[in-house]
Each structure stands twice: as structure tokens, then as C-alpha cells.
Amino acid sequence: MIHLSAEPVTHLCRGLRPGPCAWMSLSCLLLVAGPALKAQAQAKGALTGSAEPIEELLVTAPRSLIDRTGSTGSSALIDAAAIERSGALHPNELAVQVPGVWVSRGSGQEHLTAIRSAVLTGPGACGAFAILEDGLPIRPSGFCNVNNLFELNTVQAAGVEVFRGPASAVLGGNALRGAINSISPVPTSTSLRVEGGAYDYYRVSATAALNFGDQSLGLAVHGDHSNGYRDATGYGQQRANLGHRMRVGNWQVLTTLSASNLNQETGGFVLGDDAYEVGGLRRSNPNPEAYRDAWSVRLASHWQRGDTVITPYARRSRMTFLQHFLPGQPLEQNEQNSAGVLFRQGFERGALRGSFGAQFEILRGSLFEDQDGPTQGSAFLVETRPAGIHYDYEVDGLMGAAFYDLNWQFAERWRLVHSARLEQLRYDYDNRFLVGNTRADGTTCGFGGCRYTRPADRDDRFTDLAGRLGILRTLGRGEAYLQVGSGFRAPQITELYRLQNGQLVTDLDSEQILSAELGYRDEHLSVALFRQRTRNLIFRDADGFNVSDGRTRALGIEASVRQRLGAHRLELVASYARHEYDADIQAGFEQIESGDEVDTAPRWLGSARWGWQLAPGLDSELELVHVGSHQINASNTASYPGHWLVNWRAEYRINDALTVFGRVHNLLDERYAERADFAFGNERYFPGMPRQLYLGVSWRPAGG
């Protein structure tokens, strides 16, 4: 065991806004101050938290969702080895390894997610994806965050699972279009990894463990810092995971504590035709005043006895950020406190096996928005976006669900799977400020009223049912399947209660999706053809009202190939899909016609990796990433041509304990946009970074 100093963590926080960094030092002190105990064998398998599977002394509760979802549908696992090899600075660099998935990188650690969909940008569109840790949602129902992934320690994760297509029947609401599950690290050994690179980037990751009898304590800590490629876009972030394994009678117990902190200076869009190609504009930041501070803490305890699993959990998060993208730049502060319990009981009766269970969750969330000074711009903007408080509300929530999963082997080569989930979500909304769309002093704005509207206190209830039915047939070493499934997501809190333009009542329905999928998979190949339709799509109409009468449709094919040829490793993932509106819609100032392509939905997405051994102990990997051309506004009058990127990685094992490594991102120095958009009559972009070099060293002692 090595001594882990809190100094690298506290150093990462210096010069940034105060954040809860103290928990990092406390976790390290808990580790080094604990009793000195003899070493234990490593835990079994990447999905239970270790890198090298050997016999384990204590079996932990299952945290992977692949067993729960079964082999129908499309799922992928990015294992610990692939995560470490990628050295991802951002979740975007992991997502490219999965077909049909695009995590569009914003400024710093900000991002938007797309899984078999366009990049969704509405006020509650993030509710279309379930983001989980160890099988539990990291946020309560109704309180999603578009940047959810920066709350997860994907850098040190034991694995990241990605589910494509509706998974609400298995995972619940918000798994409308897909889900991402990070399996948190529970280290059983000591390691240290340090690296640095372009734009004053550096990162420190460390693990350590204490073991005694049938109990163990593992800690993983990680922090990184960058001054940013663009002006005033630096960030510092820290993450920690603490895991404790033990036995209580016949129960096997794994308790995990996860925490994250982000302090970020945020860059805004650069404006102008192809601005991402212009040297001076690429590095500029039109919003140097923008920032985002966020932290989160999650506690869960997985209790398993035979086929019974009970998991109580609690979560808390808070975020403050300047809405630099809005006239007047109001400051938003939001937070949530939530707790729940998940119960699952497995069974097996001859050829039939499955599980049933329930989940209950309570929530209290709040949002406060305030504008410090007058809005700059036209007389209309100045009058309708006043200074002072815009919103101040609190929402209490209650979610309850019951579910089952069945798997029936009805013939030698045939299986039938079926799942269903019934879920109810209730909100109790409490407006803590003036009702209506007046100024903070109660006076009326000109031009028809103030932009920001506060509805009166109200209660809302949403009851939804999702199901899936699939049939599978074994074909040699592989399996073919046909699956039909549905998904749902209830309206998010911001869609119901942060209203505009005098809308005092929302009458929103839960978004629904129906999907059919035909696929095949074996050890080396996975291919899926899908068709899906979405109804009750929530959007903001021409009056600025939140409504839920939109529809979309999609048709696509996804494939992945993985093969080893001697010293060579080849991986290819690709997808082609068309995402279209299925109704005539007047969204804001844009007239959308049925058949128009959904904006920010590339038809082509893909990547390829070629890894080979150059010499004993020396490995190399070349990666090619492609984002296809796509429309950047809903009316299809502006587009982005797409791009290709080349990345290179290498590592050299000096001995069993010491490895040096390096990476070059954007090897060919391509000028490209991480995200393209069109608004207020302008093309606008988040420019991609030029060529960058990163070097580092990792240490894992013998037996570690």
C-alpha cells in the first residue's frame, strides 16, 4: 500500500471557485488511517470492479445491466482495458467506440448526448437518456442534466455499458432512446497514473485498498486540470469512488460512495460562416465571463442473498452556471436531494427464468434564476427580459414502479424474452415567487409581457407502461434476434414549470417511442437494423409555449466488427440512420414539414481502431473517427459538412510495474467543429482542438 497525499487534489482546486474538494482529502485520510491488514485476492472480473479476473473471496452484488437486459437488443461494453487504453479526456472519446452513439463535446467537460437520435437540446430533452451508475440512475426522475456524464468517474470505471434503443421496460423512465451505465471502480490494489499535455493539461489518478478477512475497502481518486485551448476556458475537476465489501450473515454487501466536483470557465459559440476554420476565431471566446460550478455525491448499498437483491441509495447534487447563451445572461442555481430503494427477486422454474421487483424514490429539487443587470440589445429584448428574479421554485416528487423480466427456453435453439414496467411519477410544485410574467417588483413588461413566466402551485401525475418482446435463435456460435419494444419519459421539471411568454398552464404528455429491431451477434460481429417512431415529442412552439404534439421517425443500421490477427487487433463500428420529423411543426421561428431531417443528426457515424505490437512490450493503436454531414437547423437551410479525425496512441511496458504511454489527438491537425448550430440568423460553432500531444506514466506494483 502506498500513501496517497491529498496535495494533487487540492492543487487542482487552487485558483478556481470554491468547491467541495475536502471530501477528496477525507477519502485519502480514511484510506491511510485505517488498520493495516493483509492483502486479499483481486475481485473477479471487470464488471465487479477489477482489471484482472482471478478467484474472489467475496462475491459482490451485480452492478452490470447486461444480465438484466438479456441478449436481445443492442448493448455494448467498453471494458476497463479499453477505457485505460483510450486515455479519454472527455466522454466523447469513449462514445466513439459504440455504433449509433455520439456524445457531442461542448466547452470543457460540457456535452450533449445522442443515442439512436439527434443531439437533443430542448429544456428537458436530456430526459430521453438514462444515465446510471452501478445500475442506478444518478439523477432522480424528472430532474435530468444535459451534462450528466461529468458526474461519473468514467476515467477509472470498471466498465461502461451502452444500451441503444428504448430500455424503459427494463431500466424505467428516461431510458426512452437508450442508456449509459458506468460501473464504478472498487479497487483491490494500488496504482498511480500521471500524465500531462497540451494547454497545461495534467491528470493524476490513483487507487489503493485495505483488505481483511471477508471485508475490503477500495478507493479510486482522480483529478485533472486544463487551461483550455480557447481563451478563458480552463477547468479543474475531481472524482472519487469508495467501495466497501463485507458479509452480514448470508448477505453479501457492497457499499459505494461516489463524489464529483467541477469548476469550469465556459466558452461560448464562435459566430460566422465556417468560423471553426478561421484561426483567430477558433481560439476566441465571446463569453469569457461564463462559468459552471457543479458537484454531486451518491451513496448506495447493494445487498445480495442468492437471487434476492435490495439496494437502498441516496443522492445529492448542486450546480451554478451563467446562462451566457441567453440575452441578459441570468444566473441559474439548481439542486436535488433524493433517495430510494430498488428490490429485485430472481427465480428459475425449469425452462423459465426471470425476475420481478419494485423501485421507490423520493425527490426534492429546486431552481433559482436571477439576472444581475439590465439586458443589452434591442428595445424588445431590454423590455421583455428584465433584471431581477426570474424563477424561484421547489418541487417534491415521488416515483413508484413495478416490473418483471422473463426468459423462456421453449426449444433447443429458441428463446423468448419479455419485460414490462409500470411506473408512476408525481410532482408537487411550489412557486416561491410572484405568479405570472411580471418583473420582480410586480410591474408589467411592455411588448405583451415579460419573457419569463411562473405558474401557480400545482400537482402533476404521470403513469406510464413500457414493454418489450423478443425472440432469439442460436445460429452456430452466434444468435439472431427480433425485438419489439416501447419506451417513455415523463416531462421534466423544467418543461413543466420554467415557462415563457405568459404560458401559465402546461398540458404535456409523456414522450413515447415504439421500436422494432432485427439483429445478429457473435464473438466478432454485431449488426442491428432498427425502425422507431416517437410521439408526444415535447418542444417549444411558435408562441414560445411548451407543447407535446411533435412526432419523429427513424430508420437505421448499426454494425461493429472486432477481430484479432496475431499481433494485430482490429475494431470497426459504424452506423447509418435517417432521423426525420413525422409531422408539420412550427417550432419557434422555424417551419418544419413532415419528412424534414431532424437537425444535428448525422446520417453516418463511425470509427476504426488498429492496434498492433511493434516490439515486445511496445503497443500502438491508430484510430480513425468520422462524424458525417448533417443539418444544423430544423428547417434544413444550413448544414455542416462533417469531418474525419485521426488519433494515435502507444505504450511501452518497461517492466511488470512501470509503463510509459503517449497519445496524439487530431494527428493530421484537422480544422473541424465539435458541434455546429444555427440560431438568431448566424452559424455558430464549438471549434475542435488542433493537434495535441499527451505523455504519462503508470505504476502498478507486482501483484497489483
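Reader: Which residues does Ile180 touch, not counting those up to four places away in sequence?

Author: This is a predicted model, in which local features need pLDDT of at least 70, side-chain atom pairs count only at pLDDT 80 or more, and totals for chains, interfaces and linings use all residues. Residues are numbered from 1 along each chain as its sequence is written, and side-chain values use heavy atoms, leaving out hydrogens and water. With contact defined as heavy atoms within 4.5 Å, Ile180 touches Ile115, Ala130, Ile131, Leu132, Leu149, Val160, Glu161 and Val162.

Reader: How many residues does the largest nonpolar core have?

Author: A nonpolar core is a set of buried Ala, Val, Leu, Ile, Met, Phe, Trp, Tyr and Cys residues joined through side-chain atoms within 4.5 Å. Ile78, Ile131, Val160 and Ile180 have the most contacts inside the largest one. Its size is 23 residues.

Reader: Is Gln512 buried or exposed?

Author: Buried means under 20% relative accessible area, exposed over 50%, and partly exposed in between (1.4 Å probe, protein chains only). Because its relative accessibility is 17%, Gln512 counts as buried.

Reader: With which side chain does the side chain of Gln512 make a polar contact?

Author: Beyond four places in sequence, the residues in contact with Gln512 include Leu176, Phe488 and Arg535. A polar contact is a pair of N or O atoms within 3.5 Å; within protein, one must be able to donate a hydrogen and the other to accept it, and residues adjacent in sequence count only if both atoms are side-chain atoms. At 3.1 Å, the partner of the Gln512 side chain is that of Asp464.
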